[in-house]
Amino acid sequence: QRAAALGRMTTAYTIGATIGPALGGILAVEKEDLYVGARLAVWGSIVSLVLSVVYLKDHTAQNEQRNKKNEKSSFVDSLKNALQ
């Protein structure tokens, strides 16, 4: 799963890095405004942020529980538990 996700992320970045500047150049010529591409990129980033916050799950609690189960106790902790 991790390799597939990394592949999709790399593909999305490459497509964006290729199409973004071209689209910005086309819009700058047509609108005669050099900042229209930057404005479009800002709005795209805001939309991406909102979609990420709404649709991505928070795995923090699950990871904390998993880490607590996998934590190895130290020798001193083992002795304290044995003496109680």
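This is a short tour of the structure, one selection at a time. Keep in mind that the model is predicted.

**The whole chain.** Start with everything shown as a cartoon. You will find 4 helices and 0 strands, and reading along the sequence gives the pattern α-α-α-α. Of the 84 residues in the protein, 6% are buried.

**Helix α1.** Next, select residues 2–31, which form helix α1. How far apart are its end C-alpha atoms? They lie 41 Å apart, and this agrees with the 44 Å that 30 residues should span at 1.5 Å a residue.

**Inside α1.** Stay on this helix and pick Gly24, Leu27 and Ala28, which are buried.

**A charged pair.** Finally, show the side chains of Asp33 and Arg39, which form a salt bridge. Side chains of opposite charge can pair when their charged atoms come close. Here the closest N and O atoms are 2.5 Å apart, inside the 4 Å cut-off for a salt bridge. The count for the protein comes to 1 salt bridge. Are these two residues buried, partly exposed or exposed? Asp33 is partly exposed, because its relative accessible area is 23%, and Arg39 is also partly exposed, with a value of 45%.

Key:
Residues numbered from 1 in each chain as written. Predicted model: local features only at pLDDT ≥ 70, side-chain atom pairs only at ≥ 80, totals over all residues. Heavy atoms only, no water. Helix = DSSP H or I, 4+ residues; strand = E, 2+ residues; numbered from the N terminus. Buried < 20%, exposed > 50% of the residue type's maximum accessible area, 1.4 Å probe, protein only. Expected span 1.5 Å × (residues − 1).
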